[in-house]
Amino acid sequence: MPDNASRPGSPQAPSALCRSLAMALARAGHDTGIEAMHPMADTGLAHHHVWLERAPLDWVARLPKQSQMRLDPTENLAYQAACFSRASQGGHAPSLHGLLPPSPELPRGGLLVSAIRGRPARLPEDLPRIAEALAGLHMLDVPDAAERAPLQSPADPWTAMLDEVGEQARFLDQAGLEADAHHRIEAELAGLPRQLPAGPGAAPRLISFDAHPGNFLVTQAGRAVLVDLEKCRYGLVGFDLAHASLYTSTTWDLQSRAELTPAEVAAFYRHWIDATGIAGSVETLLACRDAMWLWSLTWCAKWRASHRRARDARDRGEDWSAELSDDALVAHVRDRVDHYLSVASIEHVRHERRELERLLRADASLPPARP
């Protein structure tokens with residue numbers, strides 16, 4: 001048997017994963033009623049998923065490959081548990097049913113959440129459903145600052161975003177970019193405002209920070225459910241609205257990919273505003289959109305610079321090494337990363353942004369710019 005036979009992505013990996021999961025479930029006392037396990041397709045860089053048939057309702061085991069929050073395994077599980085516990089109160093996210101602590105079988109542990117039967121989102125027709133799902137999340141009561149832990153809750157969410165983008169931007173020089181693309185990205189980074197105007201869209205609320213359409217399933221009843229929750233924080237709603245509708249998000253996932261028109265994006269923002277009653281200024285919404293796009297581009301540079309390194313088994317935090325994921329998934333991510341970092345893609349998003357600004361400024365329901 002070759003050395004990589006049990007590596008994620010190899011044919012033997014699903015059965016080995018199920019054996020490890022069965023032992024971890026028994027150890028944690030969560031094996032009662034489970035009738036069958038079905039490894040799910042490897043579609044994400046951060047988790048393996050196993051569908052658990054059980055009575056009365058099925059679960060999904062989310063088994064981390066790494067921590068995108070750069071947390072150790074125990075902290076990572078606690079963070080994700082808080083994400084599901086809080087987001088599910090909005091009615092558009094799976095419920096949390098249990099934790100599998102880190103163990104010899106599962107060094108990073110796992111979460112047990114409600115299984116959602118649904119289809120991938122279809123764009124643009126499901127944009128209103130996605131807007132409603134995000135509205136359910138964003139309208140949840142925000143606890144006092146002292147009660148928001150373990151979720152991130154920066155005193156100034158905009159400055160925290162700038163810092164995060166800036167940290168990722170350090171990888172631009174290592175990403176092998178075309179000179180023109182590098183110049184354009186640097187110019188966009190320099191154009192981000194240092195602070196946002198005060199207003200409804202600048203108040204911190206619970207956000208997903210990973211709201212791209214591929215993370216939603218649509219149930220038979222027509223309800224959009226956000227099924228991937230590990231990056232929640234108390235931040236700016238504009239980041240979620242951008243992540244759900246940016247070109248770099250809507251063309252990411254193979255099953256939900258679509259290129260939206262500026263008019264379709266503007267209608268998506270309008271639907272969310274109608275659902276929440278929150279009308280942030282055009283400046284705030286567009287600044288958040290710019291920042292989320294640049295977060296995505298600098299993440300692409302970071303991934304390109306990091307994924308070829310060998311996996312360090314001692315590293316239990318963030319790990320983008322290709323060994324952790326199926327070869328087809330890595331190839332898909334590489335294709336998307338290369339495209340998004342191209343001059344053509346950058347210019348496409350810049351053009352879309354100009355058109356979207358024109359449409360939003362023509363919307364009389366949005367407040368005008370502050371003098």
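When I say that two residues touch, or are in contact, I mean that they have heavy atoms within 4.5 Å. Please keep in mind that this is a predicted model.

Leaving out residues up to four places away in sequence, Thr 298 touches Val 165, Gln 168 and Ala 169. Thr 298 sits in helix α9. Is Thr 298 buried or exposed? Its relative accessible area is 0%, so Thr 298 is buried, the cut-off for buried being under 20%. One is the backbone oxygen of Leu 294, at 2.8 Å. Another is the backbone oxygen of Trp 295, which lies 3.1 Å from a polar atom of the Thr 298 side chain.

Now the helix around that residue. How many of the 25 residues of α9 are buried? The count is 23, so α9 is largely enclosed by the rest of the structure.

What does Trp 158 contact, once neighbours within four places in sequence are set aside? Its partners include Phe 239 itself, Leu 192, Pro 193 and Leu 236, and also Ala 287, Cys 288 and Ala 291.

Ser 20 is in helix α1, residues 13-28. With neighbours within four places in sequence left aside, Ser 20 is in contact with Glu 105 and Leu 106. Its relative accessibility is 18%, so Ser 20 counts as buried.

For contrast, take Arg 170, in the loop between α4 and α5. Its relative accessibility is 51%, so Arg 170 counts as exposed, the cut-off there being over 50%. The Arg 170 side chain reaches the backbone oxygen of Glu 167 at 3.3 Å. Arg 170 and Ala 301 are 131 residues apart in sequence, yet their C-alpha atoms are 8.8 Å apart in space.

Next, helix α11, residues 343-361. Its 19 residues reach 27 Å from the first C-alpha to the last, close to the 27 Å expected. Which residues of α11 are buried? They are Ser 345, Ile 346, Val 349, Glu 352, Leu 356 and Leu 360. These residues cover an arc of only 125° around the axis, which puts them on the same side of α11. The general point is that an α-helix has 3.6 residues a turn, so residues three or four places apart point the same way. The buried residues of α11 pack against α5, α7, α8, α9 and α10.

Last, the chain as a whole. The protein chain has eleven helices and ten strands. Of its 371 residues, 54% count as buried. Among contacts between residues at least 6 apart in sequence, 72% join residues at least 24 apart. The protein chain exposes about 16,100 Å², and carbon and sulfur atoms supply 52% of that area.

Note on methods:
Residues numbered from 1 in each chain as written. Predicted model: local features only at pLDDT ≥ 70, side-chain atom pairs only at ≥ 80, totals over all residues. Heavy atoms only, no water. Helix = DSSP H or I, 4+ residues; strand = E, 2+ residues; numbered from the N terminus. Expected span 1.5 Å × (residues − 1). Buried < 20%, exposed > 50% of the residue type's maximum accessible area, 1.4 Å probe, protein only. Arc of directions from axis to C-beta. Areas by Shrake-Rupley, 256 points an atom, 1.4 Å probe, with all protein chains shown as cover. Polar contact = N/O pair within 3.5 Å; in protein donor to acceptor, adjacent residues only side chain to side chain.
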